[in-house]
Amino acid sequence: MSVYIKDNPEYFERALRSIWDDQERKPDQIVLVEDGPLTDVQYDIVDRFHREVGDVMTIVANDENRGLPAALNNGIEYCTGDYVARMDSDDIALPARLSLEEDYLEQHPEIAVVGGSIEEFNSQGDIRGVRTYPEDDHEIRNYICKANPMAHPTVMIRRDAVFGRGLRYKENRLWTQDYCLWVDCVSEGIRISNIHDVVLRFRRDDQTLKRRGNLKARNEELRVYSNAIARLHGRISWRYIFPVARYLFRLMPDGFVRKLYHADIRQKIMYGKRGRGKTSPKK
């Protein structure tokens, strides 16, 4: 997990608690990258948590904010376990997350990366729905041209199979670092998969959509998706319509984007039968 000065302290502490207090299978190591100086409140959260878990926690302190991809690459170097699980500083891991993913990798030695489904919720705690992802190689290879085939904060990675081969997050990809890693894996024949179980509550609000809709994010997304199609399907392919459609979607007014983002028709176009299921709103 990486944390930086602009992260919400309340969300950050809840994320930490979810990967320790809540877990049926406690992690053997928690690597926390402090990406630049933090606030006093954030430091207090880290200190209290560190005192509770002791040597389980490894703190990596960057002198300056380097951005998420660089922070993750830095943290990877301190990971000692066979498996590396990712977590964001504002999401909530469900209690069975680590046990489900570890069991899956133990039972499927041919799989190097496993993710899971997410339950999306907003800042008020309202459930927006459940999103599932493709599960087998064929589905993932097709899906990756349309959208990200994995929810980054849900993944568990075989350290030697991926990072041991020299693969890392691309530090110049601030919004698509995880997508680029999955493309690298698929291109090199490294098998990735998802389980159907919901393993994480993913915080998604209007600010999330705004960040992904800014000009730099749109342009980066267009380039990396187009490059992925070229790598996987060649320079001539009808699949280039997908990154263009995504780019145009990001150009729409914020209010329209919010409505269309949660609409059934978008889910059918982008995700087919694997769109987000409807969940009754609750607190």
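A salt bridge here is a side-chain nitrogen of Lys or Arg within 4 Å of a carboxyl oxygen of Asp or Glu. D88 and R86 form one, with their closest N and O atoms 2.5 Å apart. The model is predicted: local features need pLDDT of at least 70, side-chain atom pairs count only at pLDDT 80 or more, and totals for chains, interfaces and linings use all residues. Residues are numbered from 1 along each chain as its sequence is written, and side-chain values use heavy atoms, with hydrogens and water left out.

**Overall build**

- The chain has twelve helices and nine strands. These are DSSP runs numbered from the N terminus: helices are H or I with at least four residues, strands are E with at least two.
- Of the 283 residues, 53% are buried. Buried means under 20% relative accessible area, exposed means over 50%, and partly exposed lies in between (1.4 Å probe, protein chains only).
- The chain exposes about 13,500 Å², and carbon and sulfur atoms supply 50% of that area. Accessible areas come from the Shrake-Rupley method with a 1.4 Å probe; for residues, only the protein chains shown count as cover.
- Take the contacts between residues at least 6 apart in sequence: 76% of them join residues at least 24 apart. Contact means heavy atoms within 4.5 Å.

**Nonpolar cores**

- A nonpolar core is a set of buried Ala, Val, Leu, Ile, Met, Phe, Trp, Tyr and Cys residues joined through side-chain atoms within 4.5 Å.
- The largest core has 35 residues. V113, I144, I157, V162, W182 and I192 have the most contacts inside it.
- Elements giving two or more residues to this core are β2 (30-35), α3 (68-76), α7 (177-187) and α9 (215-233). Helix α7 supplies the largest share, seven residues.
- I157 touches D82, Y83, V84, A112, V113, V162, F163, Y169 and W182, leaving aside its neighbours within four places in sequence.
- A second, separate core holds 33 residues, including M1, A93, L98 and A151.

**Aromatic pairs**

- Rings of Phe, Tyr and Trp (its six-membered ring) pair if their centres lie within 6.5 Å. Planes under 30 degrees apart count as stacked, over 60 as edge-to-face, and the rest as tilted.
- The count comes to three aromatic pairs.
- Y133 and Y143 pair edge-to-face, 6.5 Å centre to centre with 65° between the planes. Y133 sits in the loop between β7 (127-131) and α5 (137-143), and Y143 in helix α5, ten residues apart.
- Y133 is buried at 7% relative accessible area, and Y143 is buried at 6%.
- W238 and F242 have ring centres 5.7 Å apart and planes at 65°, so this pair is also edge-to-face. W238 is exposed at 54%, whereas F242 is buried at 12%.

**Salt bridges**

- The count comes to 18 salt bridges.
- D137 bridges to R191, with the closest N and O atoms 2.7 Å apart. D137 lies in helix α5 and R191 in the loop between α7 and β9 (192-203), so the pair ties together parts that are 54 residues apart in sequence.
- D137 is partly exposed at 32% relative accessibility, and R191 is partly exposed at 35%.
- R17 meets E13 in a salt bridge at 3.9 Å, N to O. The two are four residues apart in helix α1 (residues 9-18), which means that about one helical turn separates them.
- R17 is buried, with a relative accessible area of 14%, whereas E13 is partly exposed at 23%.
- R17 and E13 also belong to a network of salt bridges that links E13, R17, D21, D44, R48 and E52.

**Surface patch**

- Patches are made of residues with over 30% relative accessible area and no salt bridge. Like charges are joined within 9 Å, and nonpolar side chains (Val, Leu, Ile, Met, Phe, Trp, Tyr) within 5 Å.
- V244, L248 and L251 make a nonpolar surface patch of about 260 Å².
- L251 lies in helix α10 (residues 241-251). At 45% relative accessibility, L251 counts as partly exposed.
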